[in-house]
Every structure is written in structure tokens, then in C-alpha cells.
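Please look at the sequence and the structure as I put them up, and keep them in view while I talk.

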Amino acid sequence: SRFEPPARPTIDQVAVEETGGLGSSGLAQVSHPRFGGVADLIGGDGWIQVGWNEATDDQTDPSELEYLVFVTPHGQAHDLSQPTASIMGTDKIRLEGLSNGETVDVLVLARDLDMEVSPQQASWPVTPHPIRYVRAGASQAGADGLTPQSAFPTMGQAIATSISLGGVNIHIAEGLYPENLFLLPGMMVFGGFESTFTPELRDPVGQPTQFGILFPTDLVNIRPGDLMSGIDGLILGGNGVAESCVYAEDCFCRVTRCQLSGAITQGMDLRSDYLEGNTIEAFVADCVISNCNGEGLRIVGIPKIRIDDSVIQNNLNEGIESQWIYSGFGEESDVHISRCRIINNGDEGIDLDVSSINSDLPGVDLFSTTRIKIRNCQITGNYLEGIVVDLDSSPIDGIDIRVRIDDSQISDNGLAGIFLDGDAPAAFRINRNQISANGNSGVV
């Protein structure tokens with residue numbers, strides 16, 4: 001008789017019991033405001049503008065919720081008892097009087113009438129710098145980029161004339177820009193403005209700023225340096241020509257509110273020269289990375305990387321891959337993936353390989369640590385495993401390795417839900433996850 005394949009497995013939702021608890025649906029009994037934190041952050045000349053999506057609360061009307069804004073020098077802990085500003089009845093705030101060239105981290109919390117505060121989400125970095133304006137189709141006559149009326153017509157002009165500034169925030173109006181971007185340290189690009197460049201009217205979704213490939217290289221290349229560089233609110237189309245949509249090396253970069261697609265290798269390639277002890281620090285949030293012929297996002301080197309609230313889907317290879325996460329030179333390698341949807345990729349959803357550095361350079365064997373955190377993610381429909389963590393260091397390397405996978409849905413992947421391959425001592429924590437309907441074991 002004709003072979004009939006078995007029915008595709010289904011995923012059942014386990015109801016939250018009345019006694020509370022997280023449960024597989026994630027609908028815990030909570031009384032604090034439900035709030036996603038920072039959703040938009042623009043840098044200007046001595047000012048920043050912070051935006052968020054309205055919080056909700058079971059007891060307090062949205063109009064009565066208070067938003068607490070914290071601005072702290074980059075890398076320092078926030079003092080949650082001393083907000084920089086508080087405001088009600090709006091979804092954005094502009095803060096003036098900041099020092100140009102000094103990067104700050106911005107956190108926003110919501111507080112209800114019972115004085116309960118929302119859980120802390122990711123802080124976003126921003127650096128005030130002088131502004132240069134770019135508008136597609138602007139006249140070359142009198143274009144100096146200093147005002148919206150004298151905006152440059154191309155990004156190339158804005159970058160070339162801003163090198164001497166030591167840092168610049170480039171504001172770009174909606175439109176199509178057939179250019180490759182080569183960003184030096186301190187150059188941050190914000191898209192989604194309309195022709196008057198009013199910050200309150202910026203809308204990267206409704207007023208798209210699109211970059212298409214001009215040369216068959218990386219569409220955006222972020223060069224080495226300590227000053228933060230990056231892009232926000234851009235649509236990058238690799239069109240099957242670009243090597244990668246974003247390539248960043250030995251730098252501190254931010255990629256937020258962007259759409260990346262169509263690269264012939266990675267959507268985003270983050271790497272450092274680990275043999276020299278260099279690091280790659282990156283903040284990636286609210287991005288969509290899709291339809292690339294290789295990985296969605298690749299990590300190579302000694303990383304300090306946060307990936308938050310992003311969608312990585314339909315890429316031909318892994319959603320997120322590391323080849324490799326290296327540890328050495330006394331550095332802490334840190335990869336933190338939170339609130340992401342990693343779905344329908346052609347290999348593993350997340351594949352993180354960890355290794356020591358094989359080198360004779362002085363300091364390479366200093367005590368080092370590796371931290372991997374995967375939290376509040378949906379990892380489903382990937383062709384192979386949902387998550388793979390492969391430790392390729394050895395016990396004699398003496399690396400302190402800790403891995404946490406918490407509060408995530410890992411389901412309907414082709415092989416195991418989670419595959420752990422440990423060749424060296426490490427601490428693993430797998431807690432409060434829904435792992436179901438995968439093609440092989442839940443955890444191997």
C-alpha cells in the first residue's frame with residue numbers, strides 16, 4: 001500500500017495555573033507595568049531624543065503611568081533610585097545639555113500608581129555629536145550639510161566632509177540611496193526623517209531610508225576604533241550582490257531599527273582580531289535579518305555583544321552563528337541574546353562554538369571568562385537544532401564558561417531542541433523553557 005507520512009506534530013499550550021508561575025505561555029500573574037523599554041534613540045548636537053511604546057498595567061490607566069529615564073556614562077551601572085528625568089502622558093522625551101563625544105547608556109522604566117516598576121530591559125547607547133543632514137535629490141548648489149535646507153544629496157559627501165569632526169550624527173531623509181557606506185569611528189547614521197528633519201516626526205517604517213548596493217563588497221563597513229559608530233532606521237538590500245549588509249571589525253558599534261536582507265554571505269558580520277586580543281562590542285536591537293544566502297548574524301573573535309528584540313528568519317544557514325567565540329587575554333567574552341524570534345533558518349537557529357586562543361602572545365593565557373545568555377526567545381522551525389553550544393576548549397585552558405538558556409520557546413526544529421557539546425568544564429543552566437515538538441530529543 002502507499003506510504004502515508006505521519007501527521008506533523010502540534011505544539012500544545014500549557015495553561016497557567018491559578019497559583020501563578022510562568023507557565024509555557026509566559027502569561028504570569030503580574031502586577032507591575034508591562035513595558036518594553038527603549039524603542040527609539042536619536043543622537044543630536046548636545047541632545048538626545050528617547051522614545052518608547054506605551055506601557056500597559058492591570059490597575060493603572062495608561063495616561064497615569066510614569067516613565068523614568070536614566071542616562072548614565074557608557075559602561076556604568078544605572079542608579080535606579082535617581083532617574084535623570086520622569087514624564088507622563090507621552091512616548092518620547094528630548095534631553096538637552098549633554099556633552100558631545102561622551103557616549104551614554106539610556107534606560108527607561110514604567111511606574112504605576114502603586115509605585116511598582118517594570119522589569120529592566122536593555123539599555124541603548126548613544127553619543128551626542130554635531131549633525132550633518134542628507135536628503136536624496138537635494139541640490140548640489142550650496143550643499144554643506146549644516147542645515148536641513150543645505151542638506152547633502154549623498155552620504156558619500158557627508159562622510160567625506162565629517163572626518164575632521166572626530167564624531168558626527170548623520171540624519172538622513174527618506175529615499176533611495178544607491179551607495180555603500182564606509183563608517184569611521186564616531187560616525188552614527190539615523191534614517192527615517194522627512195524633509196524638515198524634525199526629530200519628533202521621524203518614522204523609519206513610514207518614511208523608509210533605503211540603501212542599495214553599488215559595489216559588490218559589504219554594504220555597510222564599520223571600521224575599527226573605540227568611538228561608537230553604527231546605523232539606525234535603515235533598510236539595507238544586498239540584492240544578492242553585497243557580501244554582507246553590515247560588516248564590523250574591532251569596534252564599538254550599534255545597529256538598531258534596521259532591516260537587512262539579500263546578502264550573499266551574512267546579513268551581519270561581527271568580528272575582532274582575537275590573536276591581538278582585540279574585541280568587538282556591538283548592540284543590536286529591533287532589527288530584521290532575513291533571506292541571506294549564509295548566516296543571519298555571524299560572530300568571530302572576542303565578543304561583547306547584546307542582541308535584543310530582533311527577528312532573524314529565512315536565512316540559508318544558521319540564524320546566529322559563531323566561528324568562534326574566543327576567550328583569552330583576560331577579557332570577558334559575552335553574548336547575550338534576548339527577546340528574539342529566530343525562525344525558519346536553513347541550519348541551526350543558534351550555533352555558538354566556544355574556544356580558547358591558540359597563540360604564544362604574552363597575556364593570552366590570562367584568566368578569562370565566557371558568558372552566554374539566551375533569554376525570552378522564540379526559536380522555532382529551524383532545519384537542524386534549535387540551539388547548539390559547542391565547547392571546543394580543553395580543561396587545561398582554565399576558562400570560566402557559563403551558559404544560561406531561560407524562559408524561551410524552543411520548538412518544531414528539525415533535530416534536537418538544545419544540543420550541548422562540552423569538551424571542557426562549564427556551568428549550564430536551562431530553566432523555565434518550553435521545549436517541544438522537535439525532530440529529535442528535547443535536550444542532548
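Let me begin with a definition: a residue is called buried when its relative accessible area is under 20%, exposed when over 50%, and partly exposed in between, using a 1.4 Å probe and protein chains only. What we have here is a predicted model, in which local features need pLDDT of at least 70, side-chain atom pairs count only at pLDDT 80 or more, and totals for chains, interfaces and linings use all residues. Residues are numbered from 1 along each chain as its sequence is written, and side-chain values use heavy atoms, with hydrogens and water left out.

With that definition, consider Asn291. Its relative accessible area is 47%, so Asn291 counts as partly exposed. Asn291 sits in the loop between β22 (288-290) and β23; helices (H or I, at least four residues) and strands (E, at least two) are DSSP runs, numbered from the N terminus. Although Asn291 is not a glycine, its phi is positive, at about 55 degrees.

Asp412 is likewise a residue other than glycine with a positive phi, near 60 degrees. Asp412 belongs to the loop between β33 (409-411) and β34 (418-422), and its relative accessible area of 23% makes it partly exposed.

One peptide bond also deserves a remark. The bond from Gln323 to Trp324 is cis, with omega near 5 degrees, and Trp324 is part of strand β25 (residues 320-327).

Next, the helix. Which residues of helix α1 are buried? In α1 (residues 155-162), they are Met155, Ala158, Ile159 and Ser162. They lie on the same side of α1 because they cover an arc of only 95 degrees around the axis, the arc being that of the directions from the helix axis to the C-beta atoms. The cover over these buried residues includes β8 (131-134), β9 (168-173), β11 (181-183), β12 (187-193) and β13 (209-212).

The loop between β12 and β13 holds Thr196, which is partly exposed at 44% relative accessibility. The side chain of Thr196 makes a polar contact of 2.6 Å with that of Glu194 and another of 2.8 Å with that of Thr198. A polar contact is a pair of N or O atoms within 3.5 Å; within protein, one must be able to donate a hydrogen and the other to accept it, and residues adjacent in sequence count only if both atoms are side-chain atoms.

Further along, Leu214 is in the loop between β13 and β14 (220-222). Leu214 and Asn180 are 34 residues apart in sequence, yet their C-alpha atoms are 6.0 Å apart in space. Not counting residues up to four places away in sequence, Leu214 touches Pro178, Glu179 and Asn180, where contact means heavy atoms within 4.5 Å.

Strand β3 (residues 66-73) contains Glu66. A polar contact of 3.3 Å links the side chains of Glu66 and Ser86. Beyond four places in sequence, the residues that Glu66 touches include Ile87, Met88 and Leu109.

Is His336 buried or exposed? With a relative accessible area of 10%, His336 is buried. Leaving aside neighbours within four places in sequence, His336 is in contact with Ile305, Arg306, Ile307, Lys373 and Arg375.
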